[in-house]
Amino acid sequence: KNKIMLPVDAGINPNQYLLGLKWQPDGKRLFLQKLNRNQTKLDVLMADIKTGNTITVFSETANDYVKADPENIHFIASRNSFLWLSESNGYNHIYEVNLGTGQKVQITKGNWEVFEIKSVNEGTGDIFYTSNESNIREKHLYKINLDATGRKKLTEGNGYHNTLLTSNNRFFLDEYSDINTPTSYQMYNTDGKALYQKLIENKEL
């Protein structure tokens, strides 16, 4: 098959940043983020892969700066939307953006920060994310439904939890430590129940 190089219309302003190129899961549309030179306005563009033409599906502005993250778009195919992390209310929180209207609806709320979106289970509607809700010096794994209900902390023990979810979102590996506890590893299901004894526990340290 012939390969064709097709330019994507990102505007004519040379003083801008382009980042976060992502294909929609069905491969029919390409998304990219465009940040102005002053970093006070960020546009999410959707490109037609046949023509290269783009439309702006969502914009975010701030008086000081907009936090840009190349990995920020998390598509929800069944809802024609994507999840977006934003500091627009003063704290980093999860929002759902409708691809048809550009409307942004806040999902997580509070005087604490979401660190990252780990995964989304479209079948159950659960979003898995890490945050410092429990303590500003800690990191825990949580889940919450797309309708902003059912928020639950999945990791236990005061301290820092690095987590890795399985591809089916049924289990996760927790790498845990705190100032007095050496690193240990434990498997859990995504209801927060431990499956086995700790895989690695550095008691001798």
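Predicted model: local features only at pLDDT ≥ 70, side-chain atom pairs only at ≥ 80, totals over all residues.

Trainee: Let's start with Lys67. Buried, partly exposed or exposed?
Mentor: Lys67 counts as partly exposed, at 42% relative accessibility. Buried means under 20% relative accessible area, exposed over 50%, and partly exposed in between, with a 1.4 Å probe and protein chains only. Residues are numbered from 1 along each chain as its sequence is written, and side-chain values use heavy atoms, with hydrogens and water left out.

Trainee: Which side chain does Lys67 meet in a salt bridge?
Mentor: Glu87, at 3.9 Å from N to O. Lys67 sits in the loop between β4 and β5, and Glu87 in the loop between β6 and β7, 20 residues apart. Glu87 is partly exposed too, with a relative accessible area of 33%. A salt bridge here is a side-chain nitrogen of Lys or Arg within 4 Å of a carboxyl oxygen of Asp or Glu.

Trainee: How many salt bridges does that rule give?
Mentor: The count comes to eight. Take Arg79 and Glu96, whose side chains meet at 2.7 Å, N to O. Arg79 is in the loop between β5 and β6, while Glu96 is in strand β7, 17 residues apart. Arg79 is partly exposed at 41% relative accessible area, but Glu96 counts as buried at 11%.

Trainee: What about Glu116, which residue is its salt-bridge partner?
Mentor: Lys139, with the closest N and O atoms 3.7 Å apart. Glu116 lies in strand β9 and Lys139 in the loop between β10 and β11, so the pair ties together parts 23 residues apart in sequence. Salt bridges that share partners also join Glu116, Lys118 and Lys139 into one network. Lys139 counts as buried, at 9% relative accessibility. Glu116 is partly exposed at 29%.

Trainee: New topic. In what order do β1, β2, β3 and β4 sit in their sheet?
Mentor: The order is β1-β2-β3-β4, in an open sheet with antiparallel pairing. The edge strands are β1 (16–23) and β4 (54–61), each pairing on one side only. Strands are DSSP runs (E, at least two residues), numbered from the N terminus. Two strands pair if DSSP finds at least two bridges between them.

Trainee: How many bridges pair β3 and β4?
Mentor: Seven, in the antiparallel sense. In β4, Thr61 is the bridge partner of Lys41.

Trainee: And the sheet with β9 in it, what order does that have?
Mentor: That open sheet runs β9-β10-β11-β12, with antiparallel pairing. β9 (114–121) and β12 (152–153) are its edge strands. β11, residues 140–145, pairs with β12 over two bridges. Within that pairing, Tyr142 has Lys153 as its bridge partner.

Trainee: Back to β7. Why is it described as largely enclosed?
Mentor: Five of the six residues of β7 (93–98) are buried, so the rest of the structure largely encloses the strand. Six bridges join β7 to the antiparallel β6 (81–86), and Ser86 stands opposite His93 there. β7 also pairs with β8 (104–106), antiparallel, over three bridges. In β8, Gln106 is the bridge partner of Tyr95.

Trainee: Which glycines have a positive phi in those hairpins?
Mentor: In the hairpin of β6 and β7, with six residues between the strands, Gly90 has a positive phi near 105°. The hairpin of β7 and β8 has five residues between them, and Gly102 in its turn has a positive phi of about 80°.

Trainee: Last one: which residues have the most contacts inside the largest nonpolar core?
Mentor: They are Phe31, Val44, Val57, Phe58, Ile73, Phe82 and Trp84, in a core of 15 residues. A nonpolar core means buried Ala, Val, Leu, Ile, Met, Phe, Trp, Tyr and Cys residues joined through side-chain atoms within 4.5 Å. β2, β3, β4 and β6 each supply at least two of its residues. The largest share, three residues, comes from β3.

Trainee: What does Phe82 touch, leaving aside its neighbours within four places in sequence?
Mentor: Its contacts (heavy atoms within 4.5 Å) include Val44, Ile73, Tyr95 and Leu99. There is also a second, separate core of 14 residues, with Leu83, Ile127, Ile144 and Leu146 among them.

Note on methods. Helix = DSSP H or I, 4+ residues; strand = E, 2+ residues; numbered from the N terminus.
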